Amino acid sequence: MSRTADIRNTDASAIDTHAQQAEPIVRFAGVGLRYGRAPEVLSDLTFELEAGSFHFLTGPSGAGKTTLLRLMQLDLKPSRGLVSLFGQNIEQLRRRDLPFVRRRIGVVLHDRRLLEHLDAFDNVALPLRLAGRKPADYAADVTELLAWVGLSNRVKAHPSSLSSGEQQRLAIARAVVSRPDILLADEPTGDVDHEMALRILRLFVELNRLGTTVLIASHDEELIARSGKPVMRIEDGHLDIREAP
Ligand SMILES: Nc1ncnc2c1ncn2[C@@H]1O[C@H](COP(=O)(O)OP(=O)(O)OP(=O)(O)O)[C@@H](O)[C@H]1O
Ligand SMILES: [Mg+2]
């Protein structure tokens, strides 16, 4: 009863805001994805991610984990069904809005997409620069983050002179530096030792504590078990969500 009264007494813009907050940050409804004419890699995926949640994504090699992450970062469109991010159907996004939506999503990909003409520091600082922040106010954050991922002595190095584990850590630092609303990471600890993997997990947990919704594709069963986080598993095109192991 009071809810009806509230709505009657509230202006339309306030109702919109309320509706947006209630919406999950990621929603898939009946999503299928095929590459070209091949059979569907993903079939009838229906799930929601609440804002502020943290999940691992597992499943056999070739099951579709990277494909699912690509759908969430607007790199692929579903062959059928609905994908919505931040309460908006991605089919209805205008081309000119895409960069703004992408900027809210931090990604760590296999292909690291590091910029060779920038050194490690400037690669990490780039998302902040693009967001209009001034070097004086982000330099300390970038330096601290590079130290966290063990790259303090490689600040001036360019990506091609880094080992693959160092490139992976640099890509992670760049993905988290702007505290994105969503963080998507594809095997982010595949190229680092166990101790560094735990350190990176702590970084993601801290980011999540600050409000970021996190989804990490990983084969590292030990890391997943240690995290105590729920697991989304894809197999044979279908998805199953298990609570913490
Ligand atoms: N660009 C593409 N064109 C055609 N088929 C593709 C493409 N990318 C992936 N596939 C196919 O889609 C299926 C799922 O691939 P995907 O990379 O999503 O799996 P994955 O779960 O990430 O595997 P892995 O654990 O090995 O990384 C595979 O059969 C793969 O061969
Ligand atoms: Mg993959």
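Visitor: Which residues does Thr-213 touch, not counting residues up to four places away in sequence?

Guide: Happy to take you there, and keep in mind that this is a predicted model. Leaving out residues up to four places away in sequence, Thr-213 touches Ile-25, Glu-50, Ala-51, Gly-52, Ser-53, Asp-181, Ile-182 and Leu-183. You'll find Thr-213 itself in strand S8, which covers residues 213-217. Its relative accessibility is 2%, so Thr-213 counts as buried; the cut-off for that label is under 20%.

Now let's move on to some aromatic rings. The structure holds two aromatic pairs. A pair like this is described with two numbers, the distance of the ring centres and the angle of the planes. For Phe-28 and Phe-47, the centres are 4.7 Å apart and the planes make an angle of 25°, and the pair is stacked. Phe-28 belongs to strand S1 (residues 26-33) and Phe-47 to strand S2 (residues 42-49), so this pair ties together parts that lie 19 residues apart in sequence. Both Phe-28 and Phe-47 are buried. The other pair is Phe-54 with Phe-56: here the centres are 5.8 Å apart and the planes sit at 45°, so the pair is called tilted. Phe-54 and Phe-56 are buried too.

Next comes Ala-63, in the loop between strand S3 (54-58) and helix H3. With a relative accessible area of 9%, Ala-63 is buried. Setting aside residues up to four places away in sequence, Ala-63 touches Val-41, Leu-42 and Ile-234.

After H3 comes Leu-74, with a positive phi near 65°.

Phe-86 has a relative accessible area of 13% and is buried. Look at its ring as well: Arg-104 lies over the face of Phe-86, at 3.8 Å from the ring centre. Then there's Asp-236, which isn't a glycine either and has a positive phi of about 50°. Asp-236 sits in the loop between strand S9 (231-235) and strand S10 (238-242). At 69% relative accessibility, Asp-236 counts as exposed.

Now for some helix packing. Helix H7 (residues 164-176) and helix H8 (residues 194-209) have axes 11 Å apart, at an angle of about 5°. H7 and H8 are therefore roughly parallel to each other. On the H7 side the contact uses Arg-169, Ile-172 and Val-176, while H8 brings Met-196, Ile-200, Leu-203, Phe-204 and Leu-207. By type, the residues of this H7–H8 contact split into seven nonpolar, no polar and one charged.

H8 also meets helix H6 (residues 135-148): their axes come within 11 Å and cross at roughly 140°. That makes H6 and H8 oblique to each other. Here Leu-145, Ala-147 and Trp-148 of H6 meet Arg-199, Arg-202 and Leu-203 of H8. This contact has four nonpolar residues, no polar ones and two charged. Zoom in on two of these residues and you'll see Arg-199 over the face of Trp-148, at 4.1 Å from the ring centre.

One last stop is Arg-154, in the loop between H6 and H7. With a relative accessibility of 24%, Arg-154 counts as partly exposed. Again leaving out residues up to four places away in sequence, Arg-154 touches Ala-120, Ser-161, Leu-162 and Glu-166. Arg-154 and Val-26 are 128 residues apart in sequence, and from C-alpha to C-alpha they are 36 Å apart in space.

Methods:
Residues numbered from 1 in each chain as written. Chains lettered and ligands numbered in written order. Predicted model: local features only at pLDDT ≥ 70, side-chain atom pairs only at ≥ 80, totals over all residues. Heavy atoms only, no water. Axes fitted to C-alpha atoms, helices over the stretch in contact; angles between N-to-C directions. Helix = DSSP H or I, 4+ residues; strand = E, 2+ residues; numbered from the N terminus. Parallel < 35°, antiparallel > 145°, perpendicular 65-115°, else oblique. Contact = heavy atoms within 4.5 Å. Nonpolar A, V, L, I, M, F, W, Y, C, P; charged D, E, K, R; others polar. Phe/Tyr/Trp six-rings, centres within 6.5 Å; stacked < 30°, edge-to-face > 60°. Buried < 20%, exposed > 50% of the residue type's maximum accessible area, 1.4 Å probe, protein only. Lys NZ or Arg CZ within 6 Å of the ring centre and 35° of its normal.
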